[in-house]
Structures are given as C-alpha cells and as structure tokens.
Amino acid sequence: MSKLVITGGQRLEGRVAVSGRKNAAVAMIPAALLAEGTSTIENLPDIQDVRVYQDIVQHLGVQMERREDGVMEINPAGFSCTQPPHSLVKKLRASYYLLGVLLAKFGEAEVAMPGGCDIGVRPIDQHIKGFEALGVEISIEHGVIKAKARELRGASVYLDVVSVGATINLMLVATMAKGTTIIENAAKEPHVVDLATCLNTMGAEIRGAGTDIIRIRGVKELHGCNHAIIPDEIEAATFMIAAAATGGDIVVENVIPKHLDPVTAKLRETGAEVEENGDYLRVRGNGRPRAVNVKTLPYPGFPTDAQQPMTAFLSIADGTSFVTETVWEGRFKHVDELRRMGSKVKVEGRTAIIEGVEGLTGAQVQATDLRAGAALIIAGLMAEGKTEICGIEHVDRGYERPEEKFRSLGAVMERV
Ligand code: EPZ
C-alpha cells in the first residue's frame with residue numbers, strides 16, 4: 001500500500017494544468033463501443049479508473065491503445081463478449097455503463113454489480129426502472145445483473161432522483177432503440193452534456209442534454225468519432241481549494257470557468273480571490289478563511305465531489321461552518337481522519353459542523369475513498385509538520401500524478 005508524505009506549511013504558487021474529466025472518461029470509453037468503427041478520444045486522463053476500463057474492454061474483444069501523442073484509439077471491431085470479467089467490473093462504479101452499451105449493441109448483458117467509492121448505499125433502481133421502460137427484462141442474481149431485450153423501444157422515463165449514472169446509462173441504451181426516449185428530471189452535469197456531444201458526433205440524435213429533459217431519437221447505427229474530453233472540474237476545484245488553504249497564489253489552466261461557478265462562488269465567500277479568464281483561473285488565498293455554509297446538490301449546485309476537500313479547508317476557518325451533504329449519506333468518512341489532525345468537526349445526520357481552529361497538525365491518516373484522499377491532501381498541505389496519508393490508491397483512481405502536480409506548485413510531497 002503506497003502512501004503520500006506531506007510536510008505542510010508551504011504556500012502553493014505557480015501554474016498547474018487540469019487533466020480530462022474522470023467521470024466523462026469512464027462514460028466516453030463505453031460509448032465508443034457503440035460505434036461500427038474506430039474512435040479517437042483526446043484528453044483522456046491517465047488514471048486508474050481509465051486503466052481498469054481499458055482492461056475490461058480488451059477482455060470484451062475491443063482494441064484500445066493509447067498512441068504516442070496520448071490520444072486513445074478505440075476499435076470495437078472485435079467486440080463480441082457480453083460478460084465483462086466480474087473482478088474488473090467491481091473495481092469501479094462506472095462499469096455499469098456497459099449494461100446500456102451491451103443492451104444497445106447485442107440486446108443482452110451480464111454485468112456484476114459495480115464497485116466504486118464507499119460513500120453510501122449507491123442503489124441502481126433508477127437504471128433498472130429506465131431499462132425496463134425500454135423493454136429490457138432485468139434481474140439481479142448472486143450480485144450479477146442479467147439483462148435481455150428482444151427489441152429496445154423508446155419510452156418516457158421520469159427519474160425519481162437526479163442521477164448522473166442513470167441519465168448516462170439511459171442515453172447510451174436509447175441511442176439505437178426503436179423510436180424516441182425522453183428522460184425527465186435528468187442530470188445536468190457538464191459530463192452528461194459532453195457525452196451527448198460525443199454521441200451526436202457518432203451519429204446519435206440527442207437533444208436537451210444539460211437541461212431537465214433529454215430526448216433521444218433512436219438511429220440505425222453509430223460510426224466512430226474524434227472527441228476531446230472536457231477538463232476535470234473536480235480536480236480543478238481541488239487545486240483551487242488547496243491554493244486558498246495554503247494562502248497561495250496559483251493559476252489553474254485548461255478549465256471551463258463556467259463549470260466551476262459554484263466552487264468559485266463559495267471560495268469567494270470564504271474570502272479567497274478567484275479571477276476568471278478564458279480557459280484558466282487565478283486563485284489567491286487571503287489570510288484565514290471566513291466560515292461558510294455549504295450544501296451539496298446536483299449541478300449547478302455545489303458538487304458533492306468537492307465537499308470533502310472543502311470540509312478539510314473549513315477546518316481552519318474563522319467561525320463555525322455547516323456542510324450538508326444531500327447526495328451521499330456516507331460521505332463523511334474523512335471527518336474521523338481530520339479529527340486526528342486537530343479539526344473540531346462533528347457529524348449530525350447529513351451535516352458536518354466544523355468549529356474552525358487556528359491550525360491543524362500533521363498525523364498518520366487513512367484515505368477511505370477518492371475524495372476523502374483529496375481532503376487529507378488539503379489538510380496535510382495546511383498542517384504544521386508531517387502528514388502520512390495511507391491508502392493513496394484511492395486518490396490514484398481519479399487524480400493523474402497528484403504528487404507531481406502538487407510538487408510543481410511548491411508542495412513538499414512524496415509518494416513512498
Ligand atoms: C456519479 O456517481 C459520479 N461517479 C460520482 O463521483 C458523483 O458523486 C455522482 O455522480 C453525483 O454527481 C461517476 O460518474 C463514475 P448518481 P453516480 O446516480 O452516477 C441516488 C467521484 O468522486 N440514486 O448521480 O453513482 C444515489 O443514491 C464520484 O468522482 C438512486 O437512488 O451518482 C445518490 O443519492 C463519487 N438510484 C443520487 O441518486 C439510482 O438508481 C445521485 O447518484 C441511482 C442513484
């Protein structure tokens with residue numbers, strides 16, 4: 001088990017470039033399998049979830065290779081197997097997009113229940129409700145989802161909860177269904193829009209992505225395409241919060257400022273300065289942050305994936321902050337670890353109550369999930385002394401070469 005060792009107290013300064021969005025990447029790879037020809041995907045981050053997905057699709061007979069110039073080439077010509085290996089499927093959450101793709105392509109699928117961060121129950125009832133509406137017979141036996149559809153027919157699906165996964169899975173399965181599918185109460189995250197853009201480039205007919213109602217008119221077949229993935233606004237948010245947390249002054253490059261609006265607004269409330277420009281942001285810390293209240297909500301609300309790093313940052317705020325996590329009921333596991341570093345935070349139901357302290361002290365802590373790891377990096381950068389973060393493989397699932405990027409900003413951080 002590798003770990004990150006951080007010596008805190010350094011102001012972060014300099015420029016850092018954000019990689020492609022993890023949650024777009026793990027949707028774009030399965031989407032490319034729908035095509036009759038080869039697709040090329042640019043800006044695909046070199047993170048563990050992408051490497052696992054590459055392993056899965058190669059088991060399914062698909063050629064997926066990263067070229068010298070970093071562009072990923074996906075050729076589904078040999079795509080034939082409808083049963084991805086359970087051991088790999090369980091390594092990440094987004095493997096469940098294979099259900100939508102296998103059903104659209106072959107009319108059947110056998111996919112183990114997904115894995116992913118342990119941040120709550122993470123049901124898939126909305127995916128199942130949508131598939132059944134399109135004529136899929138689906139059951140879960142011994143932890144494996146078995147699905148079959150003689151013919152996929154477009155239908156209207158009203159999602160009970162705003163679900164990124166269900167929205168994406170239904171977009172995928174509906175691309176070549178007979179007739180039109182309407183998804184109501186759809187997720188509006190930037191990567192939902194990015195996926196719709198990619199699928200339309202492949203010949204799909206998707207309208208309304210980014211709004212509550214997405215309409216997919218089924219087409220006969222899809223062809224390969226070239227698509228560049230949007231930047232990862234959660235990685236960007238992590239660097240922005242790190243800059244504010246260390247009183248630093250950094251430029252975060254390769255971002256779409258609009259996607260960061262809720263994070264920018266909240267950081268400004270704490271007193272940090274955020275300057276927006278074309279495709280980069282400049283973030284400056286401004287002394288001890290003011291306490292603020294945060295409530296996570298689906299986009300364009302404050303992103304749940306930035307909640308954990310934000311909670312770490314607010315540990316040193318001047319005052320008491322209330323952070324309410326409305327999306328995942330189990331997303332406060334980082335709080336126990338922050339307490340080891342002196343944070344005065346307690347959780348009541350869905351709200352973390354953080355009584356700001358002057359500063360944190362380094363300690364040995366454990367990353368329990370991807371963004372909890374990011375929160376502990378923020379805390380380690382702020383803390384006086386040395387912090388050792390075990391379980392850094394969680395961070396590697398969603399951040400590309402984290403220690404290199406933070407070191408380039410002046411952090412004293414190494415992987416051992
Ligand atoms: C995606 O998870 C992301 N993962 C998560 O990011 C992110 O936190 C989440 O969206 C919300 O933005 C990927 O894209 C791979 P949901 P997903 O379906 O699709 C409930 C990270 O850190 N729900 O939008 O699994 C669910 O319990 C990861 O990068 C149902 O009730 O999330 C939750 O309360 C962590 N039934 C809410 O909806 C369902 O069938 C949102 O879940 C599906 C979801």
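Lys178 and Glu151 pair up through their side chains in a salt bridge, with N and O 3.7 Å apart; the term covers a side-chain nitrogen of Lys or Arg within 4 Å of a carboxyl oxygen of Asp or Glu. Lys178 sits in the loop between helix H6 (164–174) and strand S10 (180–184), and Glu151 in the loop between strand S8 (144–148) and strand S9 (156–158), so the bridge ties together parts 27 residues apart in sequence. Helices (H or I, at least four residues) and strands (E, at least two) are DSSP runs, numbered from the N terminus. Lys178 is partly exposed at 45% relative accessibility, and Glu151 is partly exposed at 36%. Here, buried means under 20% relative accessible area, exposed over 50%, and partly exposed in between (1.4 Å probe, protein chains only).

The model is predicted, so to speak of local features takes pLDDT of at least 70 and side-chain atom pairs count only at pLDDT 80 or more, while totals for chains, interfaces and linings use all residues. Residues are numbered from 1 along each chain as its sequence is written, and side-chain values use heavy atoms, with hydrogens and water left out.

Asp49 and Lys22 also meet in a salt bridge, at 3.9 Å from N to O. This one links distant parts of the chain, with Asp49 in helix H2 (residues 48–59) and Lys22 in helix H1 (residues 22–32), 27 residues apart. Asp49 is buried at 3% relative accessibility, and Lys22 is buried too, at 9%.

Elsewhere, Arg21, Asp232 and Glu233 join up in a network of salt bridges. Over the whole structure, the search turns up 37 salt bridges.
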